Amino acid sequence: MNSNGDCLSFGDNPIGDAISRIRFAPTSDNLLISSWDSNLRLYDTESCKLRAQARTEAPILDCCFQDESFALAASADCSIKRYDLHSEFEFTVGYHDDLATHVDFSSETCQVITAGLDRKIKLWDIRSAEALKSLNSIPIEVDSLSLSGVTLLVAAGPSVYIYDLRKFDKSTGTQKTCMDSRITCVRPSIDFEEFVVGSIDGRVAVKSPSTFDGYTFRCHPKQKNGRTYTVRVNDIAFLPSISGAFVTGDNKGYVILWNARSKKRLLEFQRYPNGIASLSINCGGQLLAVASSYTYQEANEIENSPQIFIQKLDDCNIQSYTAGSSK
């Protein structure tokens, strides 16, 4: 590839601190952006315009859509807030006892799922300021959580915990060890035939949710002075248009496309100016959003100004790469 894609322009109001999360909307090409500069932004990638912006009192550590009109954010002031993206009116859903670090929304159960440094996972009814349920059995801080239907995947330390949101209590949680090092992100495939985890030592594991069978590979090994060293995998995103295809982003700015079924590297994009803080692919699978930003995860990170790039996957001829890998 000769291009990183189109860089989003924020005019005289650039993103002023590290990007924590980017998410494409459920049915449109609107992109939700949370950052440490205490702003939640909604960007229309089709018209190249900033549609909405809400400022908070604390850094925003995660965000997600409820639907096309409402968004949720987890903040360093321990709060979980809901935003009307048209009026920018905000409503406080509730609080954690320590920094709120993760948030997601289940359209199947109409519940907000959150995690914080208090080692609690909470389920919220958005109409109430009280958590419906709180799970306190995670022994360490949650590093990542993701949803697939009513199934919740939680990464903490070297393990993944699986919960059914309809029976969300201590007795239904299942713990399986995937790695011997800390997991940084866990993401399910679109059809949930597999889920993928990335780790701090540069490894990626592809696992079956029913049996936990699978395989592990070194994702981003780099050479320096004749020696191999590893780079933290920061995020993973699945392509909805191609079964088993996913992209990984690491802390040195590399984005790579893989095929879980053929176990092959398909395509490596040109290196981005910062580490990859977050990845998101739109609902149709034509656009890849890449947040190039420092992440506060390592002492010697590149600290160029945070940027967001939109890569048109159709321009990469992804289908031909995937077809060729299956031969």
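This is a predicted model: local features need pLDDT of at least 70, side-chain atom pairs count only at pLDDT 80 or more; totals for chains, interfaces and linings use all residues.
1. Residues are numbered from 1 along each chain as its sequence is written, and side-chain values use heavy atoms, without hydrogens and water.

2. The chain holds one helix and 30 strands. These are DSSP runs numbered from the N terminus: helices are H or I of at least four residues, strands E of at least two.

3. Of 327 residues, 59% count as buried (under 20% relative accessible area, with exposed over 50% and partly exposed in between; 1.4 Å probe, protein chains only). Among contacts (heavy atoms within 4.5 Å) with a separation of 6 or more, 44% are between residues 24 or more positions apart.

4. Strand β12 (residues 121-124) is covered on both faces. Ile121 and Leu123 are buried on one side, Lys122 and Trp124 on the other.

5. Strand β11 (residues 111-116) runs antiparallel to β12, joined by four bridges; strands pair if DSSP finds at least two bridges between them. Threonine 114 is opposite lysine 122 of β12. The hairpin of β11 and β12 has four residues between the strands, and arginine 119 there has a positive phi near 65°.

6. Strand β13 (residues 131-135) is also antiparallel to β12, again with four bridges. Alanine 131 in β13 is the bridge partner of tryptophan 124.
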